[in-house]
Amino acid sequence: MSVRNIQGTVLDITGVPIAGAVVTCDLAVSEAITASGEVVPGELNTLTNASGVWTFSVYANADLTPSGTSYV
């Protein structure tokens with residue numbers, strides 16, 4: 001089972017980082033189950049840091065049931 005760290009940066013239209021922006025990571029299903037039986041919620045939320053950077057730790061799609069589950 002693999003947990004992946006993903007990150008990105010939120011910028012305004014002029015390229016300036018936005019601190020405190022809400023970023024949402026959604027599964028294509030309401031919830032999924034890992035190979036070890038852990039229930040993964042369908043939605044995760046976080047805030048950007050002072051540099052506009054957000055991070056999530058998510059399970060690899062191949063480790064989730066139902067098969068074909070993906071993040072959007």
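Thr-69 is found in the segment after strand 5, where strands (E, at least two residues) and helices (H or I, at least four) are DSSP runs numbered from the N terminus. This is a predicted model, in which local features need pLDDT of at least 70 and side-chain atom pairs count only at pLDDT 80 or more, while totals for chains, interfaces and linings use all residues. Residues are numbered from 1 along each chain as its sequence is written, and side-chain values use heavy atoms, with hydrogens and water left out.

- Thr-69 counts as buried because its relative accessibility is 3%; buried means under 20% relative accessible area, exposed over 50%, and partly exposed in between (1.4 Å probe, protein chains only).
- Apart from neighbours within four places in sequence, Thr-69 is in contact with Leu-27, Val-29, Ala-32, Asn-61 and Leu-64, contact meaning heavy atoms within 4.5 Å.
- The side chain of Thr-69 reaches the backbone oxygen of Pro-66 at 2.3 Å.
- Such a polar contact is a pair of N or O atoms within 3.5 Å; within protein, one must be able to donate a hydrogen and the other to accept it, and residues adjacent in sequence count only if both atoms are side-chain atoms.
- A separation of 10 Å is found between the C-alpha atoms of Thr-69 and Tyr-59, which are 10 residues apart along the chain.
- Pro-66 is also placed in the segment after strand 5 (64-65), and the peptide bond from Thr-65 to Pro-66 is cis, with omega near 10 degrees.
- As background, most peptide bonds are trans.
- Gly-68, in the segment after strand 5, is exposed, with a relative accessible area of 73%.

**Asp-63**

- Asp-63 lies in the loop between strand 4 (53-59) and strand 5.
- Asp-63 is buried yet has no salt bridge, and Arg-4, the nearest side chain of opposite charge, is 5.9 Å away.
- A salt bridge is a side-chain nitrogen of Lys or Arg within 4 Å of a carboxyl oxygen of Asp or Glu; Lys and Arg count as positive and Asp and Glu as negative, whereas His and the chain ends are not counted.
- A polar atom of the Asp-63 side chain lies 2.6 Å from the backbone nitrogen of Ser-2.

**Thr-48**

- Thr-48 lies in the loop between strand 3 (39-47) and strand 4, and counts as buried at 6% relative accessibility.
- The side chain of Thr-48 has a polar atom 2.7 Å from the backbone oxygen of Ile-18 and reaches the backbone nitrogen of Ala-21 at 2.9 Å.
- Beyond neighbours within four places in sequence, the contacts of Thr-48 include Val-10, Val-23, Val-53 and Trp-54.

**Aromatic pair**

- The structure holds one aromatic pair.
- The rings of Trp-54 and Phe-56 have centres 5.5 Å apart and planes at 55 degrees, so the pair is tilted.
- Rings of Phe, Tyr and Trp (its six-membered ring) pair if their centres lie within 6.5 Å; planes under 30 degrees apart count as stacked, over 60 as edge-to-face and the rest as tilted.
- Both Trp-54 and Phe-56 are buried.

**Whole chain**

- The protein chain has zero helices and five strands.
- Of its 72 residues, 26% count as buried.
- The C-alpha atoms fill a box of roughly 40 × 20 × 15 Å along the principal axes.
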